[in-house]
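Visitor: I am new to this structure. Please take one part of it and go through that part closely, in one connected account.

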Amino acid sequence: MERSLLLIKPNATKRNLIGAIIKMLEDNHFKIAHLKSFKMSDELAQSFYAEHHGKGFYEDLVSFMRSGTIIGIVVEKDNAIDNLRLLVGKTNPEAADPGTIRYLYGESVSLNSVHASDSPKSAVREIKLIFPEL
Ligand code: ADP
Ligand code: MG
């Protein structure tokens with residue numbers, strides 16, 4: 001069993017999509033290992049997205065991630081990291097395959113409703129940042 005991190009972003013929690021997104025995880029055989037509702041501090045948002053520091057969208061991304069409630073979920077499944085990225089779909093919802101979370105619930109590239117870890121290294125780093133108590 002592999003672990004990955006999914007975040008439900010503020011634009012999705014605001015639109016009452018928490019249940020719908022969790023249902024997609026369960027329907028696709030992901031186990032919910034840990035789950036919490038929280039808000040990001042400036043420091044957490046900046047370090048979470050440190051790889052994008054200096055890019056044109058970075059400041060807006062950090063302030064968006066601080067703008068409302070986030071749901072953090074550690075999921076478990078065989079090949080959880082790759083499988084979760086497939087279920088989430090491409091970064092831009094307009095390019096995402098039908099049936100993916102971002103196709104169904106993304107509003108735009110910046111408001112794409114969810115985050116998913118992109119590699120084993122990212123998953124370990126991101127789970128540690130969001131769930132330091134584990
Ligand atoms: P992903 O979330 O698919 O791993 P990236 O790591 O490239 O995508 O980007 C992180 C997040 O930054 C995206 O989910 C999105 O919210 C935002 N983002 C990425 N590219 C852009 C862009 N060109 N314009 C605005 N926001 C962007
Ligand atoms: Mg990424």
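**The core and the sheet beside it**

Guide: The largest nonpolar core has 19 residues, and those touching the most other members are L6, I8, I21, L25, I73 and L84. Two or more residues of this core come from each of β1 (2-8), α2 (18-27), β3 (70-77), α5 (80-88) and β4 (114-116). There is also a second, separate core of 18 residues, with L5, F64, I70 and I127 among them. The model is a predicted one. As a general matter, nonpolar side chains in soluble globular proteins tend to be buried together.

The strands come next. Four of them form an open sheet in the order β2-β3-β1-β4, and the pairing is antiparallel. β2 (31-38) and β4 are the edge strands, each pairing on one side only. On average, neighbouring strands of this sheet are turned by 20 degrees against each other, direction ignored.

Within the sheet, β1 deserves a separate look. Five of its seven residues are buried, so β1 is largely enclosed by the rest of the structure. Seven bridges pair β1 with β3 in the antiparallel sense, and L5 stands opposite V74 in β3. β1 and β4 also run antiparallel, joined by three bridges; here L7 stands opposite H115 in β4. In a regular strand, side chains alternate between the two faces of the sheet. L6 and I8 are among the residues with the most contacts to other members of the largest core, whereas L5 is included in the second core.

A helix accompanies these strands. α2 lies across β1, β2, β3 and β4, and runs at about 160 degrees to β1.

Two residues of the model can be followed through their contacts. Leaving aside neighbours within four places in sequence, I73 is in contact with S4, L5, L6, I8, I22, L25, I32, H34, L35 and F131. That list includes L6, I8 and L25, which are, like I73, among the residues that touch the most other members of the largest core.

E76 has its place in strand β3. A33 is 43 residues away from E76 along the chain, yet their C-alpha atoms are separated by 6.5 Å.

Key:
Residues are numbered from 1 along each chain as its sequence is written. Chains are lettered from A and ligands numbered from 1 in the order in which they are written. This is a predicted model: local features need pLDDT of at least 70, side-chain atom pairs count only at pLDDT 80 or more; totals for chains, interfaces and linings use all residues. Side-chain values use heavy atoms; hydrogens and water are left out. A nonpolar core is a set of buried Ala, Val, Leu, Ile, Met, Phe, Trp, Tyr and Cys residues joined through side-chain atoms within 4.5 Å. Buried means under 20% relative accessible area, exposed over 50%, partly exposed in between (1.4 Å probe, protein chains only). Helices (H or I, at least four residues) and strands (E, at least two) are DSSP runs, numbered from the N terminus. Contact means heavy atoms within 4.5 Å. Two strands pair if DSSP finds at least two bridges between them. Axes are lines fitted to C-alpha atoms, for helices over the stretch in contact, and angles run from 0 to 180 degrees between N-to-C directions.
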